[in-house]
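Visitor: I would like to learn how to read pockets in a model. Where do we begin?

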Amino acid sequence: MLFAAGFGTRMRELTLDKPKPMIEVSGRPLIAHALELAQTIRPARIVANLHYKPEPLKALLEPEKVLISLETPEILDTGGGLRQALPLLGDGPVFTMNTDAIWKGPNPLKLAQDAWDPDRMDALLVCVPLEHAVGRTGGGDFAADAEGRINRGGNLVFGGVQIIKTDGLHQVDEQVFSLNLLWNQMAARGRLFAMEYPGRWCDVGHPEGITLAEDLIAADDV
């Protein structure tokens, strides 16, 4: 599931005429970078949720056989958006991926796939140590114990890639809600896990992130 429905308000004038995932980094739309990573692991299907200015995204994604979950009339946030897309995604745990970041190093989806243990985990989040999170302002999101279980606070930044079980989505009454709601429940049960990404990652949620991401892509080192 590629999350591509947001308004991109932090991008200011860059998103007045296009959705944020269509902003170019190193000559390619942000969502093309994410899609390449997703296609590499050969999932049974790829779904993208769209809302703000969806037409250019549909024009790019549909020829790539990406299924579209159009959120209308209102945007549903990550939890509501994922729940709406479940008929397209199918049963079982799913990958989700934000489309406003650049990864430098191994494919984070493949790493999560290899580390996933459904007997212990309800969700596995690919997190980046704060010192390797290019363009990150502020602190981290999570801290992990020796076994990888996570709680709020710490020096790990959620990079926007995860594997998550979707059963809990059906227990939420609200139509619009964040996946943070499920994460909190999973953490309380000791079933929310993180794996640390061994490369570097860049947040491209703000205009300054474009140059930082292009520099990261051009850099020789990981």
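Predicted model: local features only at pLDDT ≥ 70, side-chain atom pairs only at ≥ 80, totals over all residues.

Visitor: Which elements each supply at least two residues of the lining of the largest pocket?

Guide: Two are helices: helix 3 (77-89) and helix 5 (180-188). The strands are strand 1 (2-4), strand 6 (94-98), strand 12 (156-164) and strand 14 (200-203).

Visitor: Which strand gives the most to that lining?

Guide: Strand 12, with four residues.

Visitor: How do the residues of that lining divide into nonpolar, polar and charged?

Guide: Count by class. The lining of the largest pocket has 16 polar, 11 nonpolar and nine charged residues.

Visitor: What is the volume of the second largest pocket?

Guide: About 270 Å³. Its lining is made up of 19 residues. Nearest the centre of the second largest pocket are M1, P43, R45, L89 and F95.

Visitor: Which elements give two or more residues to the lining of the second largest pocket?

Guide: Strand 6 and helix 4 (108-115). Strand 6 contributes the largest share, four residues.

Visitor: And what is the lining of the second largest pocket by class?

Guide: That lining has 13 nonpolar residues, with three polar and three charged.

Terms used. Residues numbered from 1 in each chain as written. Heavy atoms only, no water. Nonpolar A, V, L, I, M, F, W, Y, C, P; charged D, E, K, R; others polar. 1 Å grid on protein atoms, 1.4 Å probe; cavity = no way out; pocket = protein on both sides within 12 Å on 5 of 7 lines; lining within 4 Å. Points joined across faces, edges and corners; volume = space filled by probe spheres on them.
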